[in-house]
Amino acid sequence: MPTMNRRVALLALGLGAAAPTGAQMAPMTPRDSALHVLNRLAYGSTPGLADRIAREGVLRWVDRQLGVDRADDPGLKDVLAQFDLLQSRPEDLLRSYLLVQMERRQEKRDAAADSMMSPDERLRRLPPEARELRALGAELPQLVVVRATESDRQLAEIMADFWTNHFNIFVGKNLDRVYLPSFIEETLRPRILGKFEDLLIATAKSPAMMVYLDNAESVAPGSQPPVPDRMARERMRGFARGRGGRPGFFPPMPFPRGGAVRPPANQRGATGLNENYARELMELHTVGVDGGYTQKDVTEVARILTGWSVERPIQGGGFVFNDWAHDRGRKTVLGVEFPAGHGQDEGMKLLKLLAEHPSTMHYVSGKLCARFVNDTPPDGCIDDAVMAWKRSGGDLREVVRAIVRSPDFWAAENRASKVKTPLEFVVSAVRAVGGVPDSTPRLAGAVARLGQPLYQHVAPNGYGEQQEDWVNSGALLNRMNFAVQLAANRLPGVQVNLDLVLPLASEREALVAAVDRLILGGRMSAQTRKVILDQLADVNDPVQARALAVGLALGGPEFQRQ
Amino acid sequence: MSISRRVFVRGGALGLVSFGLDPLFLGRAAYAAGASGSSRLGAAKGRTLVCLFQRGAVDGLSMIVPHGEEQYYRERPRIAIPLEAVVDLDGHFGLHPQLAPLKPFWDAGALAAVPAVGSPDTTRSHFDAQDYMESGTPGVKSTGDGWANRYCQHAHDREHADTPFRAVAFGPQLPRILAGSAPSLAIDDLRAFGVRARPDAADKLTRAFEALYQGSATGLLATSAEESFEAIRMLKTANPSVLAAEHGAEYPRGRLGQSLQQIAQLIKSDLGLEIAFADMSGWDTHVNQGSDQGQLALRLTELGASLAAFATDLGERMRDVCVLTMSEFGRTVRENGTGGTDHGHGTAMLVLGGTVNGRRIAGRWPGLDPAARYEGRDVAVTTDFRDLFGEILTRHLGARDLSAVFPGYPSAPDRFPGVIRA
């Protein structure tokens, strides 16, 4: 697109006037622009929000969303206070967890003869700490849904979701069910719009990532822990024998089921390198699979990160650098030499190298553009993002700003071009009808049933951003059923009162027009309008008619797009 | 115990003969295989593969018991299956007594077991190992789709072009094994698949959504919606849910029995089902796994009864069906201090069906001698799971090229364990 068009378009947006009709550009009113940013930089509109943003000025709203100092909306204080998880310190979680493990061990011995015990009975017999932990675990995904629905800092929640997937952690891996809350609250959320380098380093040092991608187990070949450590290890042995977890489904199960109080291998006598984190660090977190690294680079990165581990659970379970486990030899990564004789400092040097690498700028910018612009992001917006990355030293705020200011972001062919993920669909539907989720895990359960159980993506690549990841026949039917239930206020876990947002109408045409405005931003196709009107023809009860119209609009094809 | 078992087994075998499973369905299957010769696709017409994942790593040594090995009893003083309880198969291996309902199928030549199969990757993490077994790329975590989906992507044929039921997973979500660009359905419960509303309103609502998607959807949304409504229509016409179990088959209560019954209903309805998937958990028996009775035995009861009911129910149709059990890895040869077993390496998988080269222990058995074990503790893997899965895809379903299904793993029929009649 020519530069002039772009400047004119932005000027128009800033002033809140109608954008010009370029040769390839559909007419775009300020309200259209507001709806577009709400679809991409937020979880959709709430009743009246698009109009308010159109009046305020779309770019002013964007700047305000980008300018937040911290992720959490102060206005949500009371809502978030219902989540005990946010009041629990990581050490407390770990302590309860260890306690539960020990009690369970005893309980299992007691119940040995009673292997016929039903699952319900087993659950009842759980110690109170176990039930408590289970409840806290169930809060994790619900917290995502509640924040996404209710926070005014919408872009912050979108970014939190983006980084949660970029640095995916599977909740079912060993102690990660205990580490995940602090990973989200303390590692990711304070840095969602900060410097990429800080974010990368914070994740690299997080116990959650160490455990998830096994770096905690990676030691220089032949290295041995000092004698006192080994003695402690012996003492731990009886109590800490590994027990693997079955992936997924953790809310319906006793919380610690299959989880392992499993000290990292370097405390069990591991013998060598584990390349898992090294590989994913390059392939998924930084330079990308085509970033120009070799297997040799992976091994060298693993060597540099030997010794980066976590403390034993009973010592607090935090990050620790074990000097004894570190490979002090010379290494070379991506052509950069790491001289012999260094310790933890060379890991920091490595992370900075990776964070600033041109391949990283392109790879991460490309992912951001796939999220904000198009499943197949145009080169133009990636270039804009990379320029901003270079200029700002990886300041994510500036990178996202550049994407939003890129003409590709506003191009007609990219509007409504993306299919919502289950999380985006559920949250945007609830927001559209002014629904209020409660703090039970039921709405998060709906997201899971649509195919996106949060924090339960097993592989480190996180949930996908492509429509192929989400659109399949069974899933679409589930979306329709969800929409119908939500519109009738029959969806467990959320309160919907249509009286507040959609007055009853005796005239069917008027009802459909109001539904169009509330849910589809006034862009309902003629065909959709006709189908809904046909359906309403023999429905005489105005309450039923309204619920049906809303259900069809939410479950129909237009609302699946953003 | 052993008397009632013998009676039961005999009753089962008689039952089979009485409704013509043996020798009829086997005879016909053999004939079909012989007649079609090298024309694989012809042989594969109407075939179904049912994958059953035992999540949590099943103790293969308790499913297919190497009762002929002293070492087995030495290593497992508390949890070994007593010799007198084992259902002997070939003098060396035997079935867990709770799998006795499968013995008639062994005798009829429709059941094979691979006792030392697994992944070349040595992880003992459940989630990594399950991921690898479903992605079909052990050691490579970035693979986006599952091997069963890749099979559907690359094996185009007219028979399955028009059916949304080609690949169906029973469960609330599409499992990794079927994730990918080829259409596949996740069905939690066949009876509830569709647009849900009051019975009098459901049809109307379904038609309304169909009209909406026909009129206003584009791209993938449009094609997927079309498949959904086609699936609903086909289900409505075929109405598989009303098909009762036949030949006196009784499915046990529980998720697995229900899933297998619904898979059988889909097969009987001729909806073009080619790959079905179901899973079952509770195999992670670190503590008190039990022997011929106990925790593991309970799970095996459900497994054995479900599989036997499935094969019995399908009867004659079983000649075109192959059921494959799989699990991410096996468990330690030696029992642990809490009467259970810890994460191991090789495990056992079962293959059941009319095309199966049955009555046969397939793949090389490495033995339990400590020197022959993996890291001295686990059953060694002598059959790469891709060779087993690949053989079934090739010889049962008629896949011609596995290079895209198991990328980076050159297919070699001489490595196939020989579970399907070539």
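Student: Let's start with helix H8 of chain A: what length does it reach from its first C-alpha to its last?
Tutor: H8(A), residues 128–150, has 23 residues and reaches 31 Å, close to the 33 Å expected at 1.5 Å a residue. That expected span is 1.5 Å times one less than the number of residues. Helices are DSSP runs of H or I with at least four residues, strands are runs of E with at least two, and both are numbered from the N terminus.

Student: And where does H8(A) bend?
Tutor: At A:Pro141, by about 35°. The bend is the angle between axes fitted to the seven residues ending there and the seven starting there. Keep in mind that this is a predicted model, where local features need pLDDT of at least 70 and side-chain atom pairs count only at pLDDT 80 or more, while totals for chains, interfaces and linings use all residues. Residues are numbered from 1 along each chain as its sequence is written, with chains lettered from A and ligands numbered from 1 in the order in which they are written.

Student: Why is H8(A) called largely enclosed?
Tutor: Because 18 of its 23 residues are buried. Buried means 20 or more other C-beta atoms within 10 Å of the residue's own, exposed means 12 or fewer, and partly exposed is in between, with C-beta atoms placed from the backbone.

Student: Switching to chain B, how many of the residues of strand E5 are buried?
Tutor: For E5(B), residues 111–118, it's 8 of the 8, so the strand is largely enclosed by the rest of the structure.

Student: Which way does E5(B) run against strand E10?
Tutor: Antiparallel, with 5 bridges joining E5(B) to E10(B), residues 347–353. B:Ala112 stands opposite B:Val351 there. Strands pair if DSSP finds at least two bridges between them. E5(B) also pairs with E11(B), residues 360–361, in the parallel sense over 2 bridges, and B:Ala113 faces B:Ile361.

Student: OK, the two chains: how many residues of chain B are in contact with chain A?
Tutor: 49 residues of chain B, and they meet 45 of chain A. Contact means C-beta atoms, placed from the backbone, within 7 Å. On the chain B side, H10(B) gives the largest share, 8 residues.

Student: What does A:Ala549 touch, beyond its neighbours within four places in sequence?
Tutor: A:Leu511, A:Val512, A:Val515, A:Ile532 and A:Leu536.

Student: Last one: how much of chain B is buried?
Tutor: Of its 422 residues, 57% count as buried. Chain B has 14 helices and 12 strands.
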